[in-house]
Amino acid sequence: MKLIVGLGNPGREYEHTRHNAGFETMDEIAKNVSASITQKKFKALVDKVNIHGESVLLMKPQTYMNNSGEALRAAMDFYHIEAKDLIVIYDDLDLPVGKLRLRQKGSAGGHNGIKSIIAHIKTQEFDRIRVGIDKDARIPTVDWVLGKIRKEDEEDYRSSIEQAANAAVYAIEHSFAEAMNQFNKR
């Protein structure tokens, strides 16, 4: 079984904020594979689906970003999922809006959701899809990530969400290395 997790914060006040790029990507994946990520389990919203013959758990942790690892660890323990079968999708301040970066391992890079995951699964070696949200030096980081996408960035942002969803589904049928080759050049 594979596990695809999109990071974000639950609640109306966080909808369509930059920090919820992972949640928005999960909604796009759900739309593409006719899933409904609404079942409450593991301190998360989940749905178990079949993608290209592979059993996949889709997850949106409801623990808030800084505790994302709690929900993920619970699901991994229950289904005996290893880190090599995990894909985490999240926002990245260091990438321009509209850009994706797929990586197979690495540090948290200051991202609290990833810090929580690394702390809970005890490894940095898991596949990630980072969605660019850019940054603005004039705006404090917390305000930026919890802010809405600017109108002029909306089209590029929407495109990156769609591409992140496509990359995650592609990585189920192919290797993550192949997904990196396919989607990192965009």
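Contact here means heavy atoms within 4.5 Å. The model is predicted, so local features need pLDDT of at least 70 and side-chain atom pairs count only at pLDDT 80 or more, while totals for chains, interfaces and linings use all residues. Residues are numbered from 1 along each chain as its sequence is written, and side-chain values use heavy atoms, with hydrogens and water left out.

Start at I89. Setting aside neighbours within four places in sequence, I89 is in contact with I4, V5, G6, L7, G22, T25, M26, I29, I129, V131 and A168. I89 belongs to the largest nonpolar core, which has 35 residues. Such a core is a set of buried Ala, Val, Leu, Ile, Met, Phe, Trp, Tyr and Cys residues joined through side-chain atoms within 4.5 Å. Buried means under 20% relative accessible area, exposed over 50%, and partly exposed in between, with a 1.4 Å probe and protein chains only. The members touching the most others are I4, I29, L58, I87, I89, L102 and I129. Helix α5 gives the most to this core, with nine residues. A second, separate core holds 24 residues, including A44, V46, L86 and I121. In soluble globular proteins, nonpolar side chains tend to be buried together.

Next, follow α5 to its partner. Helices (H or I, at least four residues) and strands (E, at least two) are DSSP runs, numbered from the N terminus. Helix α5 spans residues 154–173 and helix α6 spans 176–183. They pack at an angle of about 150°, with their axes 8 Å apart. Axes are lines fitted to C-alpha atoms, for helices over the stretch in contact, and angles run from 0 to 180 degrees between N-to-C directions. The pair is therefore roughly antiparallel, a label for angles over 145 degrees. From α5, Q163, N166, A167, Y170 and A171 meet F176, E178, A179, Q182 and F183 of α6. These residues divide into six nonpolar, three polar and one charged; Ala, Val, Leu, Ile, Met, Phe, Trp, Tyr, Cys and Pro count as nonpolar, Asp, Glu, Lys and Arg as charged, and the others, Gly among them, as polar.

F176 lies in α6. Its relative accessibility is 6%, so F176 counts as buried. Beyond four places in sequence, F176 touches I87, L102, R103, Q104, D127, R128, I129 and A171. F176 and R103 are 73 residues apart along the chain, yet their C-alpha atoms are separated by 8.5 Å.

K122 follows α3, with a positive phi near 60°.

Methods: Angles under 35 degrees count as roughly parallel, over 145 as roughly antiparallel, 65 to 115 as roughly perpendicular and the rest as oblique.
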